[in-house]
Structure formats: C-alpha cells, structure tokens
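I recorded each item as I looked it up.

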Amino acid sequence: MPENNEALGRLIANENSASDLLAFLFERDPAPLVRVLGLPDGEYRVRREGKAARSRFDLVVFQGNHPVAVLELKGASTEHGDQLDRYQAWAAKHQAALFYCTLDRGDVPPDPWRAVGLVELYGAWRDSTDPHAAWLGGEIAGLFASWDQQAEGVIGESRGWYVPDLVTRRVALDLDRVLRKRDGQAEATRSNPGNPMFLAWRRHPNGDPDAWIGVDVRSEGRKTPAARWLFRPCVQVDVGDGTAVEARREAHDLAVALLPALVLPAIQRMLTERGRPELGQALSANEHGGLARPADADVLDEFRNGDLSGLHPVFRNDWNRRLATQLTLDVTRVDRFQLADLTLAVLDHLVASARELVADEG
C-alpha cells in the first residue's frame, strides 16, 4: 500500500518542487534557514532557480543584492556533468558559501561544499514561531527521515517514493569505494524509462583497457516496491580507438567465452560455495538461465560474421557492446548490504572465470 503522504512524497522527490517548498518556508519564517546555514543575523531573501554561467541554482540566499549562500538539493536525480564545478566557480566570484543538501549517507561533497542533511534542513522549521511553517517543515522532515530508514531495511518492504534512488546510490557509493582498489568502479544512474539503477565494473583481465566485466542492476518502478529487480551480469567493450563494429565483435567473443559463468546455475553454485546460498535463492531466471534464447553455436557464428546490427540472438544487450544474461532479484529477501555483497561476489566470480580463460589462451 502507498504511504498516506504519497502526494507530498512526489513533491519533495523532485528538486524543483522541494526547492519551492523550501523557499515558501523561508518566506513564512527565515530564521530557521539562517540558523542551519550558520549565517550571521541580518535581513535575507532567497531566489529560486537563479541563473549564472549555464547554471540554474536550486536556491540562492541574498543579503541585499549580494549572494551569500548557494543550496543544491539532491533528491531523486544525480549530478549532471560538471554541475557542481560550475556552481562553485560562480559562487567563488561572490564569496558565497556552498551547501550540498542530500539524504545520501556517505555522499561527502568535495570542498568547499558543505553537507547538510535534508532532515536537518527542513526539520529546522519544527520550532518555527509560524505554525504553518512548523507543520509543513515537520511533515517534510518526517517523510525524509522515514525514507532514510526504509533505505536501510529490506528493499521490497519500502514505501517511500525515492527509496529506490537512495538504495541504488548508497549501494553504488559503497561498491565504488571497494572497486576503486580493484581497478573498477560503480555508479548510480537511471534506465531509459527513468527507473533507478546502478552499474558496477571491473576491468577484463585480457589487458584491453576498453573491455569490462560488470553487473547492471535495475529497479522496476516505484509503485510496486516488491517487484523483482533486474540483475544483469555482463561484458562491455567501449569503442575506444577502434570502430563500433570492432567493439561489438570483441564484446560478442568475450561474452560467448564467459557464457558458462554468466548463467544462473553457475552463479547460484558459486554463491553456495561461498556460503551465501540465500543470495542465490533470491535470484531467478527463465528456462535459458538468463539468456534470451538457447546458445546455438551456428546462430552465434552467423551473428558474429555479419554486421552485428540488430538484437543479439542470445544475450540481452545494449548497443551490442554490453552483452548480459538477465536474472531477476527478489527484493523482498534482501537489503542494500546484501545486494552489494551479491554484486561483488558475482563480479569476483566472473573476473576469476575470465582469468582462467586468458590463462588457457596464453
């Protein structure tokens, strides 16, 4: 069942409307924001969506005509390119302080940005002398706090509008810290329909800097929290200095060689051997172990020797350069920590399998 405050949840999940609500609270009572930001006593005003240097700030605090603080609110979206750098360059010209407002634990912004929790930010109005601001600020802060707690629990039991965003971003942050030490990386992003997802990568041991082994994990919508997520072990080859066709052919060759390790039975067997059978039991696949259809050698050869356009005949694919098996994950059986463990275990399994193939070829 949805939360009783689902409508408010949709509002504050969007940075534009959340910033509008923050500006409204300030107009009702400016003191809480001045206090949270540590600004000296004085007269202030705020401006929404201020523009400067190809930038649109969520909220700018002015004293007179001089900007003294810039607030960037991060809800369900991720940063766009050099967004923070552009904001920082503009703020430096005016000696304005920079505040990065987010629910993400461990998402530490780069200097000179200062982190402010969204619960702390909106919750500052709970003690407002304006009863309307006190009520609204308390409702928003309470909802953010609830989402924060839900993101730490069983994924499929959550009800918050952007708990899937929090889960994917927190998993990606944790994975990235580990994978950076293993010549890999992770990032949270969105699927084409706009659903939260994350990608985790390690370099393929064949020595090609454009070849990667990865796991692509995608949530399947917000209105059905218990819906199974897609869990896609994959191989990807970037175009690099070659052509797209060359990258597709290499991706095909690497994926076909690694196919026995990419299918569900091999992954479940590995998880059982590692003492994590419960993670394997949370995964399922079609009758082909996650392949789109059976791996017929003649079909694979015909595709490889063609122009490699169209859908891959066996693997799930993106651009025919990211080739994957598609498993589904029962998120009513895992939390974000188990999802991170599962992702790392599958990456280690695939990299170890690829190393054996490289050694056999050498």
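I looked up aspartate 301 in this predicted model and found a relative accessible area of 44%.

I then asked which residues form a negative surface patch. I listed Asp296, Asp298, Asp301 and Glu302 as its members.

The relative accessible area of valine 299 is 33%, so I classed valine 299 as partly exposed. I also checked valine 299 against tryptophan 212, which lies 87 residues apart from it along the chain. The C-alpha atoms of valine 299 and tryptophan 212 are separated by 24 Å.

My next entry concerns helix 9, residues 264-273. I noted Leu264, Ala266, Ile267, Met270 and Leu271 as buried there. Why do I describe the buried residues of helix 9 as lining one face? Seen down the helix axis, they fall within an arc of 165 degrees, and therefore they line one face of helix 9. On the face turned away from that buried side, I found the exposed residues Thr272 and Glu273.

Finally, I recorded values for the whole protein. I counted 12 helices and 15 strands. The protein has 362 residues, of which 54% count as buried. I noted that the C-alpha trace spans about 75 × 45 × 35 Å along its principal axes.

Terms used: Residues are numbered from 1 along each chain as its sequence is written. This is a predicted model: local features need pLDDT of at least 70, side-chain atom pairs count only at pLDDT 80 or more; totals for chains, interfaces and linings use all residues. Side-chain values use heavy atoms; hydrogens and water are left out. Buried means under 20% relative accessible area, exposed over 50%, partly exposed in between (1.4 Å probe, protein chains only). Patches are made of residues with over 30% relative accessible area and no salt bridge: like charges are joined within 9 Å, nonpolar side chains (Val, Leu, Ile, Met, Phe, Trp, Tyr) within 5 Å. Accessible areas come from the Shrake-Rupley method with a 1.4 Å probe; for residues, only the protein chains shown count as cover. A salt bridge is a side-chain nitrogen of Lys or Arg within 4 Å of a carboxyl oxygen of Asp or Glu. Lys and Arg count as positive and Asp and Glu as negative; His and the chain ends are not counted. The place of a charge is taken as NZ of Lys, CZ of Arg, CG of Asp or CD of Glu. Helices (H or I, at least four residues) and strands (E, at least two) are DSSP runs, numbered from the N terminus. The arc is that of the directions from the helix axis to the C-beta atoms.
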